[in-house]
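Hi everyone, thanks for coming.

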Amino acid sequence: MHPTTRHPSIVSSSTAIPPLATTQKVAYDHFAKVLPDDKTRRKAKLIFEHAGVDKRHFTRPREDYLSARSFAERNRRFQEDALALAITAARGALERSGIDRSRVRHLLLSTTTGLATPSLDAPLALALELPMSVQRLPLFGLGC
């Protein structure tokens with residue numbers, strides 16, 4: 001809680017943006033290479049064109065996303081990259097808030113991209129050196 005309030009509140013936020021970016025058109029052109037037929041490509045193109053997205057950010061080169069990898073390998077990469085981004089964003093929010101991390105009572109982390117057991121909030125809480133009593137709230141699959 002913020003020192004001047006008695007109710008839980010969000011006192012700070014921060015972002016961490018993956019280092020590689022591409023336009024939506026380039027992302028579609030790259031993605032379309034793995035689609036099975038013209039009908040599927042047309043449907044996908046409509047989705048890409050109407051998503052309201054101008055630019056997409058990636059943690060790895062585009063080619064990595066199209067190469068053959070097992071689910072386990074893709075998920076391992078997700079866990080590494082997502083945790084690094086979460087740590088960056090959370091540290092930024094903590095710094096901006098001016099609140100000592102020992103006062104953090106709750107940690108909420110949401111993702112729809114990959115799976116982790118334990119969920120990513122556990123290693124995040126450790127990396128941030130939050131109190132062992134912090135209540136973690138991992139949210140998964142509730143939309144992106």
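This is a predicted model: local features need pLDDT of at least 70, side-chain atom pairs count only at pLDDT 80 or more; totals for chains, interfaces and linings use all residues.

Let's start with D121, which sits in helix α5, residues 121-127. Residues are numbered from 1 along each chain as its sequence is written, and side-chain values use heavy atoms, with hydrogens and water left out.

Is D121 buried or exposed? D121 counts as buried because its relative accessibility is 0%. The cut-offs are these: buried is under 20% relative accessible area, exposed is over 50%, and partly exposed is in between, with a 1.4 Å probe and protein chains only. Setting aside neighbours within four places in sequence, D121 is in contact with L107, L109, R136, L137 and P138. Contact here means heavy atoms within 4.5 Å.

Now to the nonpolar interior. In soluble globular proteins, nonpolar side chains tend to be buried together. I'll call a set of buried Ala, Val, Leu, Ile, Met, Phe, Trp, Tyr and Cys residues a nonpolar core if they are joined through side-chain atoms within 4.5 Å. The largest one has 17 residues, and L107, L120, L124, L128, L130 and V134 touch the most other members. Which elements give two or more residues to this core? They are α4, β3 (106-111) and α5. The largest share, 7 residues, comes from α4.

Have a look at L124 as an example. Leaving out its neighbours within four places in sequence, L124 is in contact with L83, A86, I87, A90, L107 and L109. There is also a second, separate core of 6 residues, and A27, Y28, L35 and F48 are among them.

Let's follow α4 itself, residues 71-97. With 27 residues at 1.5 Å a residue, helix α4 should span 39 Å, and its end C-alpha atoms are 38 Å apart, so the two values agree. If you want to check that, the expected span is 1.5 Å times one less than the number of residues. Just after α4, G98 takes a positive phi of about 75 degrees.

Next, the charged side chains. Side chains of opposite charge can pair when their charged atoms come close. I count a salt bridge when a side-chain nitrogen of Lys or Arg is within 4 Å of a carboxyl oxygen of Asp or Glu. By this rule there are 9 salt bridges.

One of them joins R60 and E80, with the closest N and O atoms 3.2 Å apart. This pair links distant parts of the chain, 20 residues apart: R60 is in the loop between β2 (55-58) and α3 (62-66), and E80 is in helix α4. R60 is buried, at a relative accessible area of 17%, whereas E80 is partly exposed at 40%.

Now find R77. R77 makes a salt bridge with D64 at 3.1 Å, N to O, and R77 also makes one with E73 at 3.1 Å. D64 in helix α3 and R77 in helix α4 are 13 residues apart. R77 and E73 are separated by about one helical turn because they are 4 residues apart in helix α4. R77 counts as buried at 14% relative accessibility, while D64 is partly exposed at 22% and E73 is partly exposed at 23%. Put together, R60, D64, E73, R76, R77, E80 and D81 are linked in a network of salt bridges.

Last stop: the backbone. Most residues other than glycine have a negative phi, and most peptide bonds are trans. Here, though, a cis peptide bond joins T117 and P118, with omega about 0 degrees. P118 is in the loop between β3 and α5. E129 has a positive phi, near 55 degrees, and is a residue other than glycine. Where is E129? E129 lies in the loop between α5 and β4, and E129 counts as exposed because its relative accessibility is 62%.

That's my tour, so over to you for questions!
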